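Work through the exercises below with the structure open. Each task is followed by a solution in steps.

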Amino acid sequence: MKITNIETFIVDAGWRPWMFVKVETDEGITGWGECSDGRSPHGIEGTIRDMKPLLIGKDPRAFEMRFQDMYRITRQSPGGIAAKAIAGLDCAFIDIKAKALGISVAELFGGPTREKVRVYWSHCGSSRVRHHDILGCPPIDSWQSITDLGHEVKERGFTALKTNIIMPGESATFGGGFSGGIGSTDQYAPKWLMPHIEKLIGTFRDAVGDDIDINLDLNFHFKTEGALRIAKVLEQFDMLWLEIDMYEPKSLRQIKDSTTTRICTGENLFYMRDYIPYFENHSADMFMIDVPWNGFSQSKKVGDLAEVYQHNVAPHNYYSHLSSFVSASLCATLPNVRIMEIDIDDIPWKDELTTTVPEIIDGYMTVPTAPGWGADINEEVALAHPWDENSLSEVQTAGYKVPGR
């Protein structure tokens, strides 16, 4: 079997682009991968185009060798855009191999270790406060809206949710780590933010009760001191985790050691080499793995390495349904999964974009068993919703609140 063509699709996902890779073969089997990046889709597209001459004519089923080929020509720029481009292709190659054998990817990698995986409703409230017009749902314009959303989470059978620091009625989330302009680089937590976070999580807790887990995602918004103070405020709520992105494992360990609030990190890390300092330092209680950024073959290795260090993992899955099928397949090959992310509020054409949609029952997604990922991209829908790169500058800072409210 040989690769005959590679195509990319950058799809409008409302307030960010989704990126897909299609790999065709001389035996008529097509593989799909996702490598979505909300800020650099054309960088990934260009990297894939640069690697295309290296891959055409090669056997996609030898995905370990293909990974080494791609890594070798990008090793002077490890991680980042290059890794994401490799990840999309890696997933497409593995999809092809599983389809050629007539088995699921989970079975290809020795699974399943589970038939369903627990999922949490991610960006719960934060998608609505920023983009309720696109979603076609009521705005988050009051604390009662938070209560109503909590009731909805419970009524729809979910057992966990994750939110951000949202500002009801202001169409904003707190974003010192991503917003731009003068005075936006300090990543500190202003004094008014502590009681606000306490009220936000307290309102969700009152709405969902004690049996539903709550996560709060801080992204890169705070340095150590601010994250430490927030973790202390959250101790009263028995959080599943406080999510902190930080490229310094010792600082993260400082936060973890200072609080009883459980810490999760890792969504921005690449390959085992990035995770090892965090694992060895036991910098967090749980670790996220982003499969569209690492690729499936390398994500499996990270998950297995986490098992060696006695850590649970949780796939980072802020993407399309294809990514959900890919992430659920990873969960079905690992023995140390905590829970999986999934977005429930999303663009109206999300369900049309894939040939099938995830089955979610009582807060659990059924692990796909059909050959490959169990879903392909509907090209007609992808082409009908092209991403407009001119809107990228608008969405990069849209909906963020900076210090000095």
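**Exercise 1. Determine what covers the buried residues of helix 7.**

Solution. The model is a predicted one, and the steps below are read from its coordinates.

Step 1. The buried residues of helix 7 are Leu193, Met194, His196, Ile197, Leu200, Ile201, Gly202, Thr203, Phe204, Arg205, Ala207 and Val208.

Step 2. Buried means under 20% relative accessible area. By that cut-off 12 of the 16 residues of helix 7 are buried, so the helix is largely enclosed by the rest of the structure.

Step 3. Helix 7 covers residues 193–208, and at 1.5 Å a residue it should span 22 Å; the end C-alpha atoms are 23 Å apart, which agrees.

Step 4. Just after helix 7, glycine 209 has a positive phi of about 85 degrees.

**Exercise 2. Examine helix 6 in the way helix 7 was examined: which residues are buried, and what covers them?**

Solution. Step 1. The buried residues of helix 6 are Ser145, Ile146, Thr147, Leu149, Gly150 and Val153.

Step 1. An α-helix has 3.6 residues a turn, so residues three or four places apart point the same way.

Step 2. The cover of these residues includes strand 4, helix 5 (126–135), strand 5, strand 6 and helix 7.

Step 3. With 13 residues, helix 6 reaches 19 Å from its first C-alpha to its last, close to the 18 Å expected at 1.5 Å a residue. Just after helix 6 comes glycine 157, with a positive phi of about 90 degrees.

**Exercise 3. Locate the backbone features at proline 112, glutamine 310 and aspartate 362.**

Solution. Step 1. Most residues other than glycine have a negative phi, and most peptide bonds are trans.

Step 1. The bond between glycine 111 and proline 112 is a cis peptide bond, with omega about 5 degrees. Proline 112 lies in the loop between helix 4 (105–108) and strand 4 (116–122).

Step 2. Glutamine 310 has a positive phi, near 65 degrees. This residue is in the loop between helix 12 (296–308) and strand 12 (312–316), and at 66% relative accessibility glutamine 310 counts as exposed.

Step 3. Aspartate 362 has a positive phi, near 50 degrees. Its place is in the loop between strand 14 (360–361) and strand 15 (364–366); aspartate 362 is exposed, with a relative accessible area of 58%.

**Exercise 4. Describe the protein as a whole: how many helices and strands are there, and what is the radius of gyration?**

Solution. Step 1. There are 16 helices and 16 strands. The radius of gyration is 20 Å, close to the 22 Å that the globule rule gives for 405 residues, so the protein is as compact as a globular protein of that length.

Step 1. The C-alpha trace spans about 60 × 45 × 45 Å along its principal axes.

Step 2. Buried residues make up 59% of the 405 residues. Of the contacts with a separation of 6 or more, 73% are between residues 24 or more positions apart.

Step 3. The protein has 39 positive and 57 negative side chains, and the centres of the two sets lie 5 Å apart.

Terms used
Residues are numbered from 1 along each chain as its sequence is written. This is a predicted model: local features need pLDDT of at least 70, side-chain atom pairs count only at pLDDT 80 or more; totals for chains, interfaces and linings use all residues. Side-chain values use heavy atoms; hydrogens and water are left out. Helices (H or I, at least four residues) and strands (E, at least two) are DSSP runs, numbered from the N terminus. The radius of gyration is taken over C-alpha atoms; the globule rule is 2.2 Å times the number of residues to the power 0.38. Buried means under 20% relative accessible area, exposed over 50%, partly exposed in between (1.4 Å probe, protein chains only). Contact means heavy atoms within 4.5 Å. Lys and Arg count as positive and Asp and Glu as negative; His and the chain ends are not counted. The place of a charge is taken as NZ of Lys, CZ of Arg, CG of Asp or CD of Glu. The expected span of a helix is 1.5 Å times one less than its number of residues.
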